[in-house]
Amino acid sequence: MKRFFCLFILSALLSGCGPYSFTGVNTTAETYQVNFFQNNAPIVEPGLDILFTRTLQDLILNQTNLQLVNSGGDLIYEGEITEYRVSPMSATADQRAAQNRLTIGVRVRFTNTDNEEENFERSFSFFYDYPANTQLTAIRGTAHEEIFERITQDIFNASLANW
């Protein structure tokens, strides 16, 4: 009797999870594709489009068991970079900018070929603040990395994290 009870508990634990993962992804999809996100922002930063596309591909690859494909994916991410803007955030006593903000915005179209109810088209954006006396070229790598980390995680949460 004790053996059957242990076997029952073990089988319930192993079979009860289904396609769920520890990242909160609950999908029957097996593949995904991330189409090239062209930079259509008024200010075009060279290489930003490739960097964003790869960052989104890597995040999904690292947080799911989905396979990245070039076409015919069960989940499709596409869109464009729509905003790349630097604006002053705070002023000093003599009316100079003390801090600047780099903002990047992305428009995303998500398609789930298995479940059309999950499809969406949405904008995501985030920012990076830096001292006004610092050139953008000096912080560009760090700023892009931090902004894209946040935007791609927001896209992931909107499309796959069912918590």
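Thr 82 sits in strand 4 of this predicted model. With a relative accessibility of 35%, Thr 82 falls between the cut-offs of 20% and 50% and is therefore classed as partly exposed. Looking beyond residues up to four places away in sequence, its contacts are Ala 41, Pro 42, Gly 105, Val 106 and Arg 107. Gln 38 is 44 residues from Thr 82 along the chain, yet 8.9 Å separates their C-alpha atoms.

**The nonpolar core**

The largest nonpolar core has 35 residues, and the members that touch the most others are Phe 52, Ile 60 and Tyr 77. Two or more core residues come from each of strand 1, helix 2, strand 4, strand 5, strand 6 and helix 3. Helix 3 is the biggest contributor, giving eight residues. As a general point, nonpolar side chains in soluble globular proteins tend to be buried together.

| Element | Residues |
|---|---|
| Strand 1 | 31-34 |
| Helix 2 | 48-63 |
| Strand 4 | 75-91 |
| Strand 5 | 97-112 |
| Strand 6 | 120-131 |
| Helix 3 | 136-159 |

Apart from neighbours within four places in sequence, Phe 52 is in contact with Phe 37, Ile 81, Val 106, Phe 148, Ile 151, Thr 152 and Ile 155. Val 106 is also among the residues that Thr 82 touches.

**Helix 2 against helix 3**

How do the axes of helix 2 and helix 3 cross, and within what distance do they come? They come within 10 Å and cross at roughly 50 degrees, which means helix 2 is oblique to helix 3. The crossing is right-handed. On the helix 2 side, the contact is made by Leu 48, Leu 51, Phe 52, Thr 55, Leu 56, Leu 59, Ile 60 and Gln 63. Helix 3 answers with His 144, Phe 148, Ile 151, Thr 152, Gln 153, Ile 155 and Phe 156.

The mean pLDDT of the protein is 86, and 79% of residues score at least 70. Strand 1 has the highest confidence, at 98, while helix 1 (residues 2-15) has the lowest, with a mean of 47. Within residues 4-8 the pLDDT is below 50, and this stretch makes zero contacts in the model beyond near neighbours in sequence. Residues 10-23 also stay under 50, with eight contacts beyond four places in sequence. Where pLDDT is low, predicted coordinates should not be read in detail.

Technical notes: Residues are numbered from 1 along each chain as its sequence is written. This is a predicted model: local features need pLDDT of at least 70, side-chain atom pairs count only at pLDDT 80 or more; totals for chains, interfaces and linings use all residues. Side-chain values use heavy atoms; hydrogens and water are left out. A nonpolar core is a set of buried Ala, Val, Leu, Ile, Met, Phe, Trp, Tyr and Cys residues joined through side-chain atoms within 4.5 Å. Buried means under 20% relative accessible area, exposed over 50%, partly exposed in between (1.4 Å probe, protein chains only). Helices (H or I, at least four residues) and strands (E, at least two) are DSSP runs, numbered from the N terminus. Contact means heavy atoms within 4.5 Å. pLDDT is the predictor's confidence in each residue, from 0 to 100. Axes are lines fitted to C-alpha atoms, for helices over the stretch in contact, and angles run from 0 to 180 degrees between N-to-C directions. Angles under 35 degrees count as roughly parallel, over 145 as roughly antiparallel, 65 to 115 as roughly perpendicular and the rest as oblique. A crossing is left-handed if the near helix is turned anticlockwise from the far one by less than a right angle, and right-handed if clockwise.
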